[in-house]
Amino acid sequence: MQEVYRLTRRVAGSNASVLVLGETGVGKELIAGAVHQLSHRSGGPFVRVNCGALSESLLESELFGHVRGAYTGAVANRAGRFEAAHGGTIFLDEINSTSLTLQVKLLRVLQEKEFEKVGDTTTLQTDVRVIAASNCDLMQSVRAGDFREDLYWRLNVVPIEIPPLRRRQSDIPALVTHFLEYYNEVNDRYVVHMGDGTLDALKSYHWPGNVRELQNYIERAVVMSETDELSVSLLPDCVTNDQAPIGVNIKSVDVDSLTRDVVMQGLSDAGSDADDVHSMIVDRVERELIAQVLAACRGVQTQAASRLGINRNTLHKKIKQYGLDEIDSNASDS
């Protein structure tokens with residue numbers, strides 16, 4: 001996060017486009033707001049647009065405005081967000097949700113600083129700084145043909161990647177303190193003490209919803225607490241028992257991000273003086289992979305070896321090495 005702060009301060013003094021990357025709930029809008037407030041445009045407007053919340057036609061009108069009669073329901077001229085953000089900053093959240101057609105028009109605004117309202121032929125000029133955000137890997141979207149490569153490079157002048165909360169557990173105590181102070185004041189409560197094991201439970205949780213999820217749980221705890229203590233009993237089961245929250249599908253943005261998180265967590269657990277970090281991390285991942293593939297193949301080693309891309313003798317040795325004999329004890333070919 002110190003690198004995030006350094007980049008934020010550094011880029012704020014320029015007019016360069018910024019691409020804020022990170023999972024949902026990490027605080028991308030806060031970073032965008034900080035870039036604006038630290039810039040020479042801070043006296044101008046900071047206009048937010050959630051590109052994923054509107055259909056293509058409505059989003060185009062929202063961004064560029066429209067003239068009367070441009071479409072059914074357009075009963076009067078309307079200024080768009082780019083016009084409203086003149087002299088300031090526009091924040092395009094979930095930029096990955098835009099269509100290829102709209103991306104062409106966004107590229108023109110970025111390059112030429114001009115646009116037309118929907119249903120109009122008059123070209124308007126705009127002086128606006130663009131900050132975009134995405135909760136997915138935009139380069140993967142480019143490869144898949146869902147996002148224009150030229151727009152990607154125009155937006156990605158200065159990328160700022162915000163790490164998920166599970167990769168910055170040392171931030172949790174400060175965040176908890178902040179949210180306690182805020183929700184105590186909002187709800188006229190006095191929950192100021194931390195119960196035994198509360199911080200440990202919060203630090204060991206994987207936080208699929210990131211900081212927004214933590215904020216939600218602290219607000220709930222403040223509201224439900226009958227004392228001045230934030231106890232473990234006030235935390236939801238998903239935190240204390242590592243169960244999935246109701247209605248939440250836990251998934252990460254991609255395998256590469258998950259792999260990086262696993263390695264960073266493994267290195268952190270091992271400590272700076274550890275020598276055999278390869279076996280401590282890679283062996284544990286390999287054991288879990290073999291165990292899950294064996295279970296999926298009902299213990300049939302021939303099938304499991306084929307899926308893993310190794311020969312059966314090698315798999316048999318690894319099963320013995322990792323103590324996985326029980327998984328395939330009832331398989332017909334084991």
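1. A definition to start with: rings of Phe, Tyr and Trp, the last by its six-membered ring, count as a pair if their centres lie within 6.5 Å. With that in hand, look at F64, F82 and F115, which form one aromatic cluster. Please keep in mind that this is a predicted model.

2. How many aromatic pairs does the structure hold? The structure holds eight of them. In one of these, the ring centres of F64 and F82 are 5.6 Å apart and the planes lie at 10°, so the pair is stacked; the cut-off for stacking is under 30 degrees.

3. The F64 and F82 pair joins distant parts of the chain. F64 belongs to helix 3, while F82 sits in helix 4 (residues 81-84), and 18 residues separate them. Are these two residues buried or exposed? Both F64 and F82 are buried.

4. Now compare Y152 and W153. Their ring centres are 4.8 Å apart with planes at 70°, so this pair is edge-to-face, a label that applies over 60 degrees. Y152 is buried, at a relative accessible area of 11%, whereas W153 is partly exposed, at 47%.

5. Back to helix 3, which spans residues 56-64. Just after helix 3, G65 adopts a positive phi of about 85°.

Technical notes. Residues are numbered from 1 along each chain as its sequence is written. This is a predicted model: local features need pLDDT of at least 70, side-chain atom pairs count only at pLDDT 80 or more; totals for chains, interfaces and linings use all residues. Side-chain values use heavy atoms; hydrogens and water are left out. Buried means under 20% relative accessible area, exposed over 50%, partly exposed in between (1.4 Å probe, protein chains only). Helices (H or I, at least four residues) and strands (E, at least two) are DSSP runs, numbered from the N terminus.
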